[in-house]
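Look at the structure first, then read on.

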Amino acid sequence: MGVIIHAVVLAFGLILPLGVQNAFIFNQGMSQRSYARALPAIVTAGLSDTLLIGAAVGGVSLILLQWPLLANVLYAGGSVFLLYMAWSIWRSSGPANSSAAVLSAGRQIAFAASVSLLNPHALLDTVAVIGTSSLQYEGVARFYFAITAAVVSWVWFLGLAGAGRLVGRTDRTGRVSVFFNRLSAVVMIGMAGMMLWKLILS
């Protein structure tokens, strides 16, 4: 029981703060015409987090800590993707469910994968927190730790998109939707700026 509580606390601690991934999932729940249409983004984010957690617990992702050059490449590539996504979301800002604000399933998958797998902060946080914390467990206990952390991510994304959908349905004027769209874009620009700054200082 202790290992499950430990995993839940750590996973929520990593996933709760406002970040690019959370902003994007909420945005998709809000802007899609139905909850089901946001599933490509939700499922992609969930699978990506599950992959990262599995890699971290398995020790594969520790290579990021041993190869500074690889981390720099991730920062450079991640910042470019985030700036492109910010521009796309800002440009398409409009009332939820308007044709300009809705991303296709393919673009949802591409964007969700990029904010999940090409986000150096998410990668390094997973290695530093989930990966190293799992080292205290062995065998089945480590497996439970990884599964619990992954389940927390899935539950969170499902709920976050649901909250976004609720906002989208109740936003009659479209102003709240425009605000959240542009907030998502600003968060992405800010994260890209932080990545570029770390790249310059490295």
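## A helix crossing

Is the crossing of H2 and H8 left-handed or right-handed? The crossing of H2 and H8 is right-handed: the near helix is turned clockwise from the far one by less than a right angle. Helices here are DSSP runs (H or I, at least four residues), numbered from the N terminus.

## About the model

This is a predicted model: local features need pLDDT of at least 70, side-chain atom pairs count only at pLDDT 80 or more, and totals for chains, interfaces and linings use all residues. Residues are numbered from 1 along each chain, and side-chain values use heavy atoms, without hydrogens and water.

## Angle and contact

Two packed helices are described by the angle between their axes and the distance between the axes. The axes of H2 and H8 cross at roughly 45° and come within 6 Å. Axes are lines fitted to C-alpha atoms over the stretch in contact, with angles from 0 to 180 degrees between N-to-C directions.

On the H2 side, the contact (heavy atoms within 4.5 Å) includes Ile25 and Phe26. On the H8 side, Trp156 and Phe157 are among the residues.

## The largest core

A nonpolar core is a set of buried Ala, Val, Leu, Ile, Met, Phe, Trp, Tyr and Cys residues joined through side-chain atoms within 4.5 Å. Buried means under 20% relative accessible area (1.4 Å probe, protein chains only). The largest core has 28 residues. Val20, Phe24, Ile25, Leu82 and Met188 touch the most other members. H9 gives the largest share, six residues.

Beyond its neighbours within four places in sequence, Val20 contacts residues including Leu82, Val115 and Met188. Another core, of 13 residues, lies apart, with Leu10 and Phe145 among them.

Conventions: Buried means under 20% relative accessible area, exposed over 50%, partly exposed in between (1.4 Å probe, protein chains only). Helices (H or I, at least four residues) and strands (E, at least two) are DSSP runs, numbered from the N terminus.
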